[in-house]
Amino acid sequence: MKKGKEFANRLHALVPKFAYVPQADRFLMDPGPLKYRFNVIGTGVNGQEHITVTLLEGRNTIHGVYDPNPSSVEGAKRAKARFSTEPLVVYESLEAACNDPAVDGLIICTPNHTHLEVLKVAVQSGKHILLEKPMATNLPDAYEIWQMARAYPKVLQIGLQYRYKPIYVEAIHEAKVRRSLGEVKTLTILEHREPFLDKVGQWNKFSKYSGGTLVEKCCHYFDLFNLFAGSRPVSVYASGSQAVNFKDFEYGGERSDILDNAFVIVEYQNGVRANFNLCMFAPMVYEELVICGDEGRLKASEGVNGQAYSKWENYLEVIALPDRTSRTLTPSYPAVIEETGHSGATYYEHLRWTQAMDGQPSTAATAEEGFWSVVVGVAAEESVKRGTKVGVKELLEANGLGHLS
Ligand SMILES: NC(=O)c1ccc[n+]([C@@H]2O[C@H](COP(=O)([O-])OP(=O)(O)OC[C@H]3O[C@@H](n4cnc5c(N)ncnc54)[C@H](O)[C@@H]3O)[C@@H](O)[C@H]2O)c1
């Protein structure tokens, strides 16, 4: 049997009820020969999402894992067993997981403060690497990772995959490719959601491990700001507090110190202005983007409020000046892909990673883009502490990175 474009249309292969079809009888459902084997370092909620999307997509597989927490390893085994009868290799050390010659790529999903140290071992392997966001919790570490990536002979991609959520894919196309808004002038993103979830070691409740809320979570939105603005940030002013969540939370004798709400204003070299509104004690999962250009306005949203009859909705509208058509859309991916998490964005991040490994051009986040998303996050955290606007030039200089400004 000859295989062609069918791969792109193999949706049925993603549906578990068709797992019974013998390999010899697979045509539409056959992803073809195995391409790449990956090891996952850190198999909490995010590592398990990477395992699921790899196996669902089907051309690559998860070979093994390394995680010192036994219940995370059990979770990884369950995630692989949903798709494959091949046993999962469990390594005793980071070095062993990174250097197994059977493996082509490493996915690093450990807590933020461990990224640099884990990456230093991973790069010794010379394998392709997908490093989760935020690449680091502070600017010197983020810069070191960027420099490591520049010298690295294989793909080193950063896990800023929100750009592959359906609403942002379409918004990027409208603003950057179709240019339906004219020159982009202002950007607004709002995220209203539930509190940070429990984690192994509760690292996300402490700024010293996560980088702070505006680095840990919001680097995704600052990456989108940087992308839409197409320019470098000049200044950041932020106001925020720990108003509701984890105010009495103590772990290992330490009190949680993370923000649960903030307003952040970013000014760019080219005059674009962006503002971000975060609330993490809202009974919903909701994101909204508004872009105003000199020829139109785009609004997009995704989310659900968790109540009966509320269902997940993606929405996008482009309202143009009267000499052009306007439109509303409901951008989406197949349900089986969107349900894997992050509106399917992680699945498409994996497609881009595979493309890059194949030597094709990729739109995925580079270490340089990862660095600049951390710059805005660190500047915002600093601005909340100081109560004043933070100049990016001054912040870079204070971190020994004045040559970048
Ligand atoms: N791109 C995204 O949308 C997204 C979403 C969630 C999390 N993340 C990122 O993924 C990373 C992990 O987050 P999570 O939510 O899965 O946390 P988690 O606490 O659920 O899982 C982290 C896992 O790493 C393990 N671990 C800790 N130190 C390790 C080490 N040195 N070597 C190997 N394993 C180690 C822990 O035992 C745990 O199982 C973080 O950087 C986080 O910011 C990204």
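In this predicted model, an N or O atom in the side chain of Gln-161 stands 3.0 Å from an oxygen atom of the ligand, and the protein covers 89% of the 850 Å² of accessible area that the ligand has on its own. The shell around the ligand takes at least three residues from each of domain 1 (5-161) and domain 2 (162-404).

**Ligand surroundings**
- Of the 27 residues around the ligand, those that come nearest are Asp-67, Ser-72, Asn-112, Glu-132 and Lys-199.
- A polar side-chain atom of Asp-67 is placed 2.6 Å from an oxygen atom of the ligand, while for His-342 an N or O atom of the side chain is 3.2 Å from a ligand oxygen atom.
- By residue class, the shell consists of 10 nonpolar, 12 polar and 5 charged residues.

**Backbone geometry**
- Most residues other than glycine have a negative phi, and most peptide bonds are trans.
- His-342, although not a glycine, has a positive phi of about 50°, and this residue sits in the loop between helix 10 (335-338) and helix 11 (345-357); it counts as partly exposed because its relative accessibility is 30%.
- Ser-343, in the loop between helix 10 and helix 11, also has a positive phi, near 55°, but it counts as buried because its relative accessibility is 7%, under the 20% cut-off.
- The peptide bond from Lys-133 to Pro-134 is cis, with omega near -25°, and Pro-134 belongs to the loop between strand 5 (128-131) and helix 5 (139-151).

**Annotated span**
- An unreviewed UniProt entry lists residues 37-159 as "domain: Gfo/Idh/MocA-like oxidoreductase N-terminal"; in the model this span is 42% helix and 20% strand, with its end C-alpha atoms 18 Å apart.

Conventions:
Residues numbered from 1 in each chain as written. Predicted model: local features only at pLDDT ≥ 70, side-chain atom pairs only at ≥ 80, totals over all residues. Heavy atoms only, no water. Near = heavy atom within 4 Å. Polar contact = N/O pair within 3.5 Å; in protein donor to acceptor, adjacent residues only side chain to side chain. Areas by Shrake-Rupley, 256 points an atom, 1.4 Å probe, with all protein chains shown as cover. Nonpolar A, V, L, I, M, F, W, Y, C, P; charged D, E, K, R; others polar. Domains from an automatic or database assignment. UniProt positions renumbered as here; feature names shortened; annotations may be inferred. Helix = DSSP H or I, 4+ residues; strand = E, 2+ residues; numbered from the N terminus. Buried < 20%, exposed > 50% of the residue type's maximum accessible area, 1.4 Å probe, protein only.
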